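Dear colleague,

I am handing over the structure we spoke about, and below it you will find notes on what turned up. Please read them with the model open beside you.

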Amino acid sequence: MSAAPRSASRADPSPVPVIELRGAAFGYGEHAVVTDVTLPVHRGEIVAVLGPNGSGKSTLMKGILGLNEHLAGTVRLFGEPADELRDRARVGYVPQRHTLSSSIRSTAEEIVATGRLPRLGWLGRPKATDRQVVARALELVGLSDRAATEVATLSGGQQRRVLIARALAGQPDVLVMDEPTAGVDVASQHVLADVLARLVARGVTMLIVTHELGALERLLTRIVVVDGGRVTFDGPPRRFAARRRARDHAHDTHRHDSELAAGDTAAVVPHGPADRSGQAHA
Amino acid sequence: MLEILTTDFMQRALIAALLVGLVAPMVGIFLVQRRLSLIGDGMGHVALAGVAIGLVTGLEPVLTALAGAVLAAVAIELLRARGRTNADVALGVIFYGGIAAGVVIISKAPEGTPANLVSYLFGSILTTRTSDVWVFLVLALVIMGTLWVLWPRLFAVANDEEYARAVGLPVLPLNIVLAVLTATTVVVAMRVVGLLLISALMIVPNAAGQLLARSFTSGLRWAVAIGLVSAVGGVFVSYPLDTPSGGTIVVLAVLIYIVTAVSMAVVGRLRQRRHEVAESHEHEHGPECGHEAIPHGDHVDYLHDGHRHAAHQGHYDEHGADEYGALSRDDGPTGQDEEVST
């Protein structure tokens, strides 16, 4: 068990990572989509898994959740091999779009209550405390007032928050989120980011799979980039930003040049004989 | 009219109808949710082979039908779980193999057996015997008991199977339980509704219920109410009209659906006219948005610049000016919309 010290300040130095992948490969059938992933996630870390569409980041996430074929390497959750973990609800899954069936009407509260089921055993029924946990989960995502609202009538961002609340109802140790901001307008993205910030403040560990950082950037302690089925970057946001700046520099210079040129011509024009505005500048 | 109730076969038929009307929509709501509405139809086909075997061998047809339908149910779920792209075709083979075998075997039934194919396919109140009613009662109680214990889990799996799998709910066993419940419902409904029409009683009351409901539990209650009215009403009407009970029940259910759909459309049109949409704003009202929350019936209004906003689908409705403080509140919370971007 490698206990490499993490640079992230929030990370707990506990030697057992919440999620630990070593040389892991995942895919469908025999076909591996992501290979050779070594990724420890420690308690308290907020990790973004970034990558373009088709990079394999979703396959990686589904592999951690046990939803596809684990083809090579090891996957450990809370120190246990993933396929031996009995209490899978410790990993709170927030799917990408509402994968919810829309053929039958249901309320936000009814959906969130399903997140409590893994905690009730095979036959248990929800008790008062379970209903309280569900109510608190809705409150945490700011949807207490919409508990009885039919989910299909909520906005995309609100539906995403319902799914977060559903995961929270299972009282997970880590949240695994698939594209939480995709298809959510900017205002709702900020509401969503505020909700996640509240969870971060409570010490929830998060693995956020996304193709754009958007409003979530301020929350992150670490960024992992997946491209072409492999991890191509793993480090703190500062280093990622530096790398991005370095890469964007060429584009910036180019734009800068054209702006300068435009500025030059603009500066030339007012210097005609009838010009008075130039004096004000001078 | 009331002498109907004193006739023995009518009493039995009404009890059977009551059980079917109660149970079929309860099971059906999960099938509709999983978009497997027609699976009950297929199980009815296979149950016919079971009936045929019973008639030929002299075993109780209700029990052989139950055995056939349950076996088919388990086979179907296992096939689906293997995720083969041709699972659909495999279902077709099972279903049509079942009904074809049923027709062939029944033709070989010994003389003197009540091998009236039509009465099994479309239901007949005359064929329900006292022993059948007892079997149906026990089966219906088993179905209701199982649903009472498992419905939150069946709802979770039908609602989002991938999530259910990720958090470790026993997805395959739950799907098999639902399939077996469906098969059992088919058998309970066999005498009164008939094997070809039972699926209708699982689906149509739910289709109508969904027009009226705003939640899963209310949808279930509406569907059961509509199922009961159709099943019991259909049996009642079929006697004086001298029509097959199954067809009458389903025609009644479809009529209820049509009347519900038309009335809801009219009500919706009237509401549309009355409701006033508030100015659009990017700000989302919520418990911590800074606007005063005012409980209003079954929802919460937010006081926005002196008038009340209530969430409605993708927008806010105008729920009137605040009668207490609209004018006196000159220090009102203007400019709060900017809080969005924090």
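A charge is taken to sit over a ring if NZ of Lys or CZ of Arg is within 6 Å of the ring centre and within 35 degrees of the ring normal. On that basis R166(A) lies over the face of Y163(B), at 3.6 Å from the ring centre, and R90(A) lies over the face of F78(A), at 3.8 Å from the ring centre.

This is a predicted model, in which local features need pLDDT of at least 70 and side-chain atom pairs count only at pLDDT 80 or more, while totals for chains, interfaces and linings use all residues. Residues are numbered from 1 along each chain as its sequence is written, chains are lettered from A and ligands numbered from 1 in the order in which they are written, and side-chain values use heavy atoms, with hydrogens and water left out.

E77(B) is buried, with a relative accessible area of 4% (buried means under 20%, exposed over 50%, partly exposed in between, with a 1.4 Å probe and protein chains only). Beyond its neighbours within four places in sequence, E77(B) is in contact (heavy atoms within 4.5 Å) with residues including R34(B), L172(B) and N175(B).

By class, the lining of the second largest pocket has nine nonpolar residues (Ala, Val, Leu, Ile, Met, Phe, Trp, Tyr, Cys and Pro), six charged (Asp, Glu, Lys and Arg) and three polar (the others, Gly among them).
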